[in-house]
Amino acid sequence: MLGSFFNVMALAGFLVEIYVVVCTLFKKSFFSNIAINFYMLCEAAVTFGLFLCTQRYGTSSSTYAYYYYYTDSLLTILMFWVIISFYQQVFSELKASSYVRKAAVLLLLATAFFSYGVVHQNRNHLTSRFVVAMGQNLYFVGVVLTYLLWGAILKLRETRTRLVQLVLALGVYFSGTAGTYAIGNLFPHLYMPLLRFLFPIVGLWLPLAWAYTFTKVPEDSRLATASLLARAR
Amino acid sequence: MIAALIFVISFAALLQFFVLHCRSILAYSRRVELSDRVREVVGLASQNLAADDFARLLQLVRLCPERGDDHKEIRVVGAYYGLLDVVGRMSRPIVPSVAAWTENERQSCSYFAAVALDRRISYSRDLFTQQVTDCL
């Protein structure tokens, strides 16, 4: 019963991720969304690996848990590239691409050094607590970056509906996952009864939301973001 | 301590991003003009739909043949409507301005459901026309 839940989630995730890539290919926007597509392909490969892991070791095994958390951390670092591509799109009219690139390289270096420092310090006990803490921190960096990006979108009066929806979906994903990781850190005993079911559900949100955006929102669609916020207050 | 702080900030960000994401979907449907056909089906005399019409409209949507491409948005807006309903009920005696805002938002959700119904009715008519053409 439990195994089938994880299998269904993995299969749904895999199919939706492939769908996003195929959708951008059909709409001839594969290369303009190369970061998203690369991320989706990697995510699909990881999901496929997760499916194999479930079949071979079961969802209660430590192999499954370590595979899930460590590939998730790697994918989160890859997701920073997607965020950077969004920053580049937002700042494209300001001709600030070179500054964004430099800031991105600095951010990636800082993340790499920080991760190395943390892993080096904990090399003798790369336990489940550590991997949860690392995932939580990486996702929280994602929340902060997405929030700053949303601020830039509002400040620069960005109107591209597709970009706005992609960024908002990313914000939901990062904050949802960071929050779930934080609960896992606060209450480790909740992992088995609750959190291990929550992670695949939150993980499915992003490909679903992006699939919706690429399918339903035309590239030239426009939206007044300021009015969204004014009414939300 | 850090985990608790991250949880609080993430939860606040999650709520904000989710509300804005739903609003961007609703804003997209607000531009669509309702057809006379759906107005007749819904029994809509004036321009505005009531906030409480959402559930009734959703039932009508479910009666129509599925288009297959509007599942996700209906589910997301349904969740948003549920959240607004809870916030509205809780805030009515304490903060009436928040309750008024949730009422407006719920109205937008109803309009969204009417647009979805309109699309499904058009789709079922197209299906029917296609079947009749095939029979001939």
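A residue is called buried here if 20 or more other C-beta atoms lie within 10 Å of its own, exposed if 12 or fewer, and partly exposed in between. Keep that handy, and keep in mind that you are looking at a predicted model.

**Stop 1: chain A as a whole**

Select chain A and switch to cartoon. Along the principal axes, the C-alpha atoms of chain A fill a box of roughly 50 × 40 × 35 Å.

**Stop 2: colour by confidence**

Colour chain A by pLDDT. The mean is 84, and 91% of the residues reach 70 or more. Which element comes out lowest, and which highest? Helix 8 of chain A (residues 225-232) has the lowest mean pLDDT, 63, while helix 6 of chain A (residues 161-186) has the highest, 91.

**Stop 3**

Next, centre on A:Leu149. Not counting residues up to four places away in sequence, A:Leu149 touches A:Ile83, A:Phe86, A:Tyr87, A:Val90 and A:Val167.

**Stop 4**

Most residues other than glycine have a negative phi. Select A:Lys28, in the loop between helix 1 (2-26) and helix 2 (34-57) of chain A. A:Lys28 isn't a glycine, yet its phi is positive, about 55°. Buried or exposed? A:Lys28 counts as exposed, because it has 9 C-beta neighbours inside 10 Å and the cut-off for exposed is 12 or fewer.

Now jump to A:Arg157, in the loop between helix 5 (128-155) and helix 6 of chain A. A:Arg157 isn't a glycine either, and its phi is positive at about 50°. With 9 C-beta neighbours inside 10 Å, A:Arg157 counts as exposed.

**Stop 5**

Pick A:Glu219, in the loop between helix 7 (191-216) and helix 8 of chain A. A:Glu219 has 13 other C-beta atoms within 10 Å, so it is partly exposed. What does A:Glu219 contact, leaving aside its neighbours within four places in sequence? The partners are A:Ser29 and A:Arg162. For a distance check, draw a line from A:Glu219 to A:Ala104: these residues are 115 apart along the chain, and their C-alpha atoms are separated by 26 Å.

**Stop 4: where chain B meets chain A**

Finally, bring chain B back into view. The contact takes 26 residues from chain A and 20 from chain B. On chain B's side, helix 1 (2-30) and helix 4 (71-91) of chain B are the elements giving two or more residues. Helix 1 of chain B supplies the largest share, 17 residues. Colour that side of chain B by class and you get 13 nonpolar, three polar and four charged residues.

Technical notes:
Residues numbered from 1 in each chain as written. Chains lettered and ligands numbered in written order. Predicted model: local features only at pLDDT ≥ 70, side-chain atom pairs only at ≥ 80, totals over all residues. pLDDT = per-residue confidence, 0-100. Helix = DSSP H or I, 4+ residues; strand = E, 2+ residues; numbered from the N terminus. Contact = placed C-beta atoms within 7 Å. Nonpolar A, V, L, I, M, F, W, Y, C, P; charged D, E, K, R; others polar.
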